[in-house]
Amino acid sequence: YPCSDIKIVEVGPRDGLQNETLLIPVEQKLQLIHRLQKAGIENLEVGAFVSPKWVPQMADSDKIVQQLGKERRLDPGTKSKYTVLVPNQRGLESALEHHQGIDEIAIIAAASESFSQRNINSTIQESMERFKDVIQHLKDFNDANDTRSPVRVRGYVSTVIACPYQGSIAPTQVAKVVELLRDLGCYEISLGDTTGVGTPGTVKNMLQEVVNVVPADQLAMHFHDTYGQSLANILVGLEQFGIHTIDSSVAGLGGCPYAEGASGNVATEDVVYMLEGMGLSTGINLPTLVEAGEYICQVLNNRRNGSKVALAYKGK
Ligand code: HMG
Ligand code: MG
């Protein structure tokens, strides 16, 4: 098989929760993270150092990474890798105050000008200039802290298929933004179908352009499941292009505050079930993962679980 080395990035604690109006206490967010870890999840996106006025749910991200840093000191052998979103210099400075709980930062760009404007209040060009400063600052931090492994930079491109404000996005435009992030030094670039409108057809067209600028092993698929196409789209990326990094969210939680109507990410349970069924090992224990999803649905006032696999497991 072309891609035996699957990497799942669990974005539930960040993407999954950021749009929830019910403010969830730090203890419950940590409980979710711990349950995901118990299921064997290693890569977790745990928070965002963005403006609390823009995304109130992420305002306690400092407390989350502070605690995760403490836990790591007690268990230095842990395989967990923690990511936080950082939109600007201010976010980086706050994040680095708790760097023991952070392995990588993710910068958030968009393929669409209108989405960039709404999401991070800047043009694509301006955002690249900001990210350049952020990355320079991070390099200085890494150089000054050579006793710990360097904090890495992941890049996001949102609206890779369509934008909620300006419609279809040309694959060449996506490739252009991917190239800009690559030039900034992102080790991995995650392609966000923010509104979940992509199909195997449009995803294939987009990926065909993108793999011309960045190889498959430096790409990730970040698909929202609004139209129920995510698993099919992931299969296209996996089988036809060899992309083996998949962002997903337990119980299919999520949505973007700047993409009204967009539903959650593809459910981690569904991705794991599909991959294991294909003979690809994820190292994730499905029943324990289902429990983690049930837990957070309970916390969210008994939200219906967005994972079909979880519903099947529970006989619902
Ligand atoms: P701005 O208004 O242009 O920033 O926002 P500003 O520099 O003018 O500052 C305005 C206020 O925000 C000031 O406070 C700053 O101090 C504060 P005030 O003086 O008004 O009290 N501020 C901050 N506070 C905390 N942390 C910070 C920070 N920066 C400024 N880092 C900004 C620019 C980027 C900050 C803003 O637009 C923002 O926070 N946007 C949030 C974006 C976001 O989190 N979106 C959701 C995540 S992206 C996503 O979900 C897509 C993804 O999943 C992929 C996909 O699905 O496609 C990744
Ligand atoms: Mg997203």
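Residues are numbered from 1 along each chain as its sequence is written, and chains are lettered from A and ligands numbered from 1 in the order in which they are written. Because the model is predicted, local features need pLDDT of at least 70 and side-chain atom pairs count only at pLDDT 80 or more, while totals for chains, interfaces and linings use all residues.

**Exercise 1. Work out how helix α2 packs against helix α11.**

Step 1. Find the elements. Helices (H or I, at least four residues) and strands (E, at least two) are DSSP runs, numbered from the N terminus. Helix α2 covers residues 26-38, and helix α11 covers residues 286-299.

Step 2. Take the angle and the distance. Axes are lines fitted to C-alpha atoms, for helices over the stretch in contact, and angles run from 0 to 180 degrees between N-to-C directions. The two helices pack at about 165°, and their axes are 8 Å apart.

Step 3. Name the arrangement. Angles under 35 degrees count as roughly parallel, over 145 as roughly antiparallel, 65 to 115 as roughly perpendicular and the rest as oblique. So α2 is roughly antiparallel to α11.

Step 4. A crossing is left-handed if the near helix is turned anticlockwise from the far one by less than a right angle, and right-handed if clockwise. The crossing of α2 and α11 is left-handed.

Step 5. List the residues that meet. Two residues are in contact if their C-beta atoms, placed from the backbone, lie within 7 Å. From α2 come Gln28, Gln31, Leu32, Arg35, Leu36 and Lys38; from α11 come Thr288, Glu291, Ala292, Tyr295, Ile296 and Val299.

Step 6. Sort them by class. Ala, Val, Leu, Ile, Met, Phe, Trp, Tyr, Cys and Pro count as nonpolar, Asp, Glu, Lys and Arg as charged, and the others, Gly among them, as polar. The contact of α2 with α11 has six nonpolar, three polar and three charged residues.

**Exercise 2. Check the span of α7, then find what covers its buried residues.**

Step 1. The expected span of a helix is 1.5 Å times one less than its number of residues. Helix α7 (residues 171-184) has 14 residues, so it should span 20 Å. Its end C-alpha atoms are 20 Å apart, which agrees.

Step 2. A residue is buried if 20 or more other C-beta atoms lie within 10 Å of its own, exposed if 12 or fewer, and partly exposed in between; C-beta atoms are placed from the backbone. In α7 the buried residues are Pro171, Val174, Ala175, Val177, Val178, Leu180 and Leu181.

Step 3. The cover includes β4 (104-110), α6 (124-144), β5 (152-158), β8 (188-193) and α8 (200-210).

Step 4. Gly185 follows α7, with a positive phi near 110°.

**Exercise 3. Do the same for α9.**

Step 1. Helix α9 (residues 230-241) has twelve residues, so it should span 16 Å. Its end C-alpha atoms are 16 Å apart, which agrees.

Step 2. Its buried residues are Ser230, Asn233, Ile234, Val236, Gly237, Leu238 and Phe241. They pack against α8, β9 (219-223), β10 (245-248) and α10.

Step 3. Gly242 follows α9, and its phi is positive, near 75°.

**Exercise 4. Describe Thr159 and Ala251, which have positive phi without being glycine.**

Step 1. Phi of Thr159 is about 50°. This residue sits in the loop between β5 and β6 (162-163). Thr159 counts as buried because it has 32 C-beta neighbours inside 10 Å.

Step 2. Phi of Ala251 is near 60°. Ala251 is in the loop between β10 and α10. Ala251 is buried, with 29 other C-beta atoms within 10 Å.

**Exercise 5. Is Asp270 buried or exposed, and what does it touch?**

Step 1. Asp270 lies in helix α10. It has 21 C-beta neighbours inside 10 Å, so Asp270 counts as buried.

Step 2. Not counting residues up to four places away in sequence, Asp270 touches Leu231, Ser307, Lys308 and Val309.
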